[in-house]
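Hi everyone, thanks for coming. Let me put the sequence and the structure up on the screen, and then we can walk through a few spots together.

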Amino acid sequence: MDQIIIKGLEIFAYHGVNPEEKENGQNFVLDITMKADLLRARKSDDLADTVNYAAVRKTVSRVFTQEKYNLIERAAQAVCEGVLAEHPAVQEICVLLKKPEAPMNASFDYVAVEICCARPTERGPLPCRPC
């Protein structure tokens, strides 16, 4: 299966368990890997035959900012669900959600979660799984 990758997508949002995180907001960084069959697009060179990553970016931004989540785990899950719901060519998605401004009294690059989900099959839904 082929992959489309959006790496380092920065989005300002209001996620966190602390009141100041929900009031002041902070920057988040998402790395998104989507699996899809891109054979038709590789042959046709037609945007209609692939996953439009600009449209995916719009979905991700809207889903990620429409609610204020306590946990980045839930925010990443919402992104997975939104992309699978709105982009039928995506068969599987992994979201690495980084929180570089997490309120910890320490020096660090970021804290992160990685959530992966697959589209349901004829045998039933596939649960999200560890990456």
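The side chains of K99 and E21 are joined by a polar contact of 2.6 Å; that term means a pair of N or O atoms within 3.5 Å, where within protein one must be able to donate a hydrogen and the other to accept it, and residues adjacent in sequence count only if both atoms are side-chain atoms. A quick note on the source: this is a predicted model, where local features need pLDDT of at least 70, side-chain atom pairs count only at pLDDT 80 or more, and totals for chains, interfaces and linings use all residues. Residues are numbered from 1 along each chain as its sequence is written, and side-chain values use heavy atoms, leaving out hydrogens and water.

Is K99 buried or exposed? K99 is buried, at a relative accessible area of 8% (buried is under 20%, exposed over 50%, partly exposed in between, with a 1.4 Å probe and protein chains only). Leaving aside residues up to four places away in sequence, K99 touches several others, including H15, F28 and Y110; contact here means heavy atoms within 4.5 Å.

K99 sits in strand β3, residues 92-99 (strands are DSSP runs of E, at least two residues, and helices are runs of H or I, at least four, numbered from the N terminus). Seven of the eight residues of β3 are buried, so this strand is largely enclosed by the rest of the structure.
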